[in-house]
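Trainee: I would like to go through this model term by term. Please hold each label against its definition.

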Amino acid sequence: MSNLSHTGRDIASHPDVSEMRDRYARVLGGRDVALVDAPVFLVGLYCAISPWVLHFTASQPALATHNLIMGIAIAALGLGFTVMPERMYGLSWAICAMGIWTILSTWIVGSSPGLGIVLSNVIIGGLTVLLGLACVAVSMKSGKRGT
């Protein structure tokens with residue numbers, strides 16, 4: 001049997017130490033938005049199902065369809081941040097715009113919505129804007145670090 005113990009040996013003396021450091025940096029390099037991607041996905045998912053949760057599919061069919069489409073789009077962005085974060089940094093501002101539109105669309109797309117619908121869309125939109133700003137902050141920080 002061979003002796004596999006590494007007592008008394010430093011990792012710096014390993015022949016592949018530079019390659020291991022490069023690989024470790026590559027693996028961790030694109031995961032800056034790891035704390036934001038799941039909440040963005042969940043907010044999008046709730047936005048998509050909110051017409052059925054709040055039961056306004058019959059009274060506000062246009063707003064129900066709108067929330068379904070916006071929710072799927074927000075969730076897709078959250079999923080994109082999970083799958084390929086380094087390519088999604090450019091869409092950070094889009095999340096903010098989608099959040100603002102979700103707030104405004106309550107009165108633009110909807111026709112005299114009730115208080116529950118208004119509160120739901122304002123909260124969804126506000127959370128989306130805040131999460132979008134967090135994505136923007138992370139992407140700006142990682143951009144400065146890379147230069």
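Trainee: Leaving aside neighbours within four places in sequence, which residues is Val-43 in contact with?

Mentor: Val-43 is in contact with Ile-124, Leu-127, Thr-128 and Leu-131. Contact means heavy atoms within 4.5 Å. Keep the source in mind: this is a predicted model, where local features need pLDDT of at least 70, side-chain atom pairs count only at pLDDT 80 or more, and totals for chains, interfaces and linings use all residues. Residues are numbered from 1 along each chain as its sequence is written, and side-chain values use heavy atoms, with hydrogens and water left out.

Trainee: Why is Val-43 called buried?

Mentor: Buried means under 20% relative accessible area, exposed means over 50%, and partly exposed is in between (1.4 Å probe, protein chains only). Val-43 has a relative accessible area of 12%, so Val-43 is buried. Val-43 sits in helix α2, residues 34-53. Val-43 and Gly-78 are 35 residues apart in sequence, yet 9.0 Å apart in space, C-alpha to C-alpha.

Trainee: What share of the protein chain counts as buried?

Mentor: Of its 147 residues, 37%.

Trainee: What makes a stretch a helix here, and how many does the protein chain have?

Mentor: Helices are DSSP runs of H or I with at least four residues; strands are runs of E with at least two; both are numbered from the N terminus. On that basis the protein chain has six helices and zero strands. From the N terminus on, the order is α-α-α-α-α-α.

Trainee: Which residues does UniProt list as "transmembrane region"?

Mentor: The unreviewed UniProt entry lists 33-54, 66-84, 91-109 and 115-138. UniProt positions are in the numbering used here, feature names are shortened, and annotations may be inferred rather than shown by experiment. In the model, residues 66-84 are 95% helix and 0% strand, with the end C-alpha atoms 27 Å apart. Residues 91-109 are 89% helix and 0% strand, and there the end C-alpha atoms are 24 Å apart.

Trainee: Why is α3 called roughly antiparallel to α5?

Mentor: Helix α3 (residues 61-83) and helix α5 (residues 92-108) pack at an angle of about 165°, with their axes 11 Å apart. Angles under 35 degrees count as roughly parallel, over 145 as roughly antiparallel, 65 to 115 as roughly perpendicular and the rest as oblique. Therefore α3 is roughly antiparallel to α5.

Trainee: Which residues make that contact?

Mentor: On α3, they include Leu-63, His-66 and Phe-81. On α5, Ser-92, Trp-101 and Ser-105 are among them.

Trainee: Is Ser-105 buried or exposed, and how do you know?

Mentor: Its relative accessible area is 0%, so Ser-105 is buried. Ser-105 lies in helix α5. Not counting residues up to four places away in sequence, Ser-105 touches Leu-63, His-66, Gly-110 and Asn-121.

Trainee: What makes His-55 exposed?

Mentor: Its relative accessibility is 67%, so His-55 counts as exposed. His-55 lies in the loop between α2 and α3. His-55 has a positive phi of about 55°, although it is not a glycine.

Trainee: How do you know that Ser-112 counts as exposed?

Mentor: Ser-112 has 70% relative accessibility, so the label exposed applies. Ser-112 is in the loop between α5 and α6 (115-146). Its phi is near 45°, a positive value in a residue other than glycine.

Key: Axes fitted to C-alpha atoms, helices over the stretch in contact; angles between N-to-C directions.
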